[in-house]
Amino acid sequence: MSLTLYYHPLASFCWKALIALYENDTPFEPHIVDLGDADSRANFAKLWPLSKFPVLRDDAKGCTIAEATVIIEYLDGVYPGPTRFVPADFAAAWRTRMWDRVFDHYVHEPMQKMVGDRIRPAGKTDPFGVDQAEQQIRQAYALLDREIGSKDWAMGSDFSLVDCAAAPALAYATTLVPFDAALQNLPRYLDRLRARPSFARVLSEAEPYFKFYPVETKPQLGKAIKDVIE
């Protein structure tokens with residue numbers, strides 16, 4: 001098998017890459033990396049010294065591809081399937097890339113800041129930074145609620161790179177910063193994402209790991225796994 005994905009089932013950016021792989025039934029070998037295990041970490045560092053996942057290895061092409069967005073664009077160009085994640089049209093492509101960045105930088109990364117603060121040693125937490133992260137997420141929610149509007153998917157009728165970014169970002173962020181009652185479009189959009197077979201599969205495979213998620217009220221990450229994580 002040409003493709004190997006180095007990842008962890010609980011890692012949110014890994015979900016982004018997995019959604020794309022599952023969306024097109026792209027054949028790949030999953031390789032779980034346990035950064036808490038010295039041997040697993042060391043072996044992964046030989047492939048990617050920064051030791052951040054996801055990382056895709058394409059033995060057929062002799063390529064190592066890091067970063068979820070780049071992995072998805074690589075799949076789009078080298079292993080295309082029925083779902084094209086970035087449109088060929090230039091105007092549609094730059095908009096797709098822009099909204100992908102919005103989800104990553106203004107929802108996903110602040111969410112990770114908030115989660116990471118929960119596992120810091122005593123006396124090393126950053127309450128001010130957490131407050132800033134929460135406000136950033138709330139601002140992004142308001143913008144995204146307007147942008148999504150009545151569209152089926154983030155960019156319109158077609159599932160795209162942006163939806164791969166939105167699914168993990170929103171699923172995790174809403175466990176920490178719930179949607180305000182005034183938001184009408186974003187909650188329905190998240191429901192559609194959860195029902196998408198590619199994302200539903202990611203959620204199902206992550207079930208055994210949710211017990212390690214450091215949130216007192218366990219996340220409602222998917223209706224199908226509600227009983228597992230409560």
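Which strands does helix 2 lie across? I looked this up first.

I am working on a predicted model, where local features need pLDDT of at least 70, side-chain atom pairs count only at pLDDT 80 or more, and totals for chains, interfaces and linings use all residues. Residues are numbered from 1 along each chain as its sequence is written, and side-chain values use heavy atoms, with hydrogens and water left out. I took helices (H or I, at least four residues) and strands (E, at least two) as DSSP runs, numbered from the N terminus.

**Helix 2.** I found helix 2 (residues 38–47) across strand 1, strand 2, strand 3 (55–58) and strand 4. Helix 2 runs at about 60° to strand 3. Axes are lines fitted to C-alpha atoms, for helices over the stretch in contact (heavy atoms within 4.5 Å). Angles run from 0 to 180 degrees between N-to-C directions.

I read an open sheet of four strands, order 2-1-3-4, with mixed pairing. Strand 2 (29–32) and strand 4 (63–66) are the edges, each pairing on one side only. Pairing takes at least two DSSP bridges between two strands. Neighbouring strands are turned by 20° against each other on average, direction ignored. Strand 1 (residues 3–7) pairs with strand 2 in the parallel sense over four bridges. I checked Y6: its bridge partner in strand 2 is H31.

**Helices 4 and 5.** I then turned to helix 4 (residues 90–118) and helix 5 (residues 127–148). Their axes come within 9 Å and cross at roughly 150°. Helix 4 and helix 5 are therefore roughly antiparallel (over 145 degrees). Residues in the contact include W99 and F103 of helix 4 and I137 and L144 of helix 5.

Conventions:
Angles under 35 degrees count as roughly parallel, over 145 as roughly antiparallel, 65 to 115 as roughly perpendicular and the rest as oblique.
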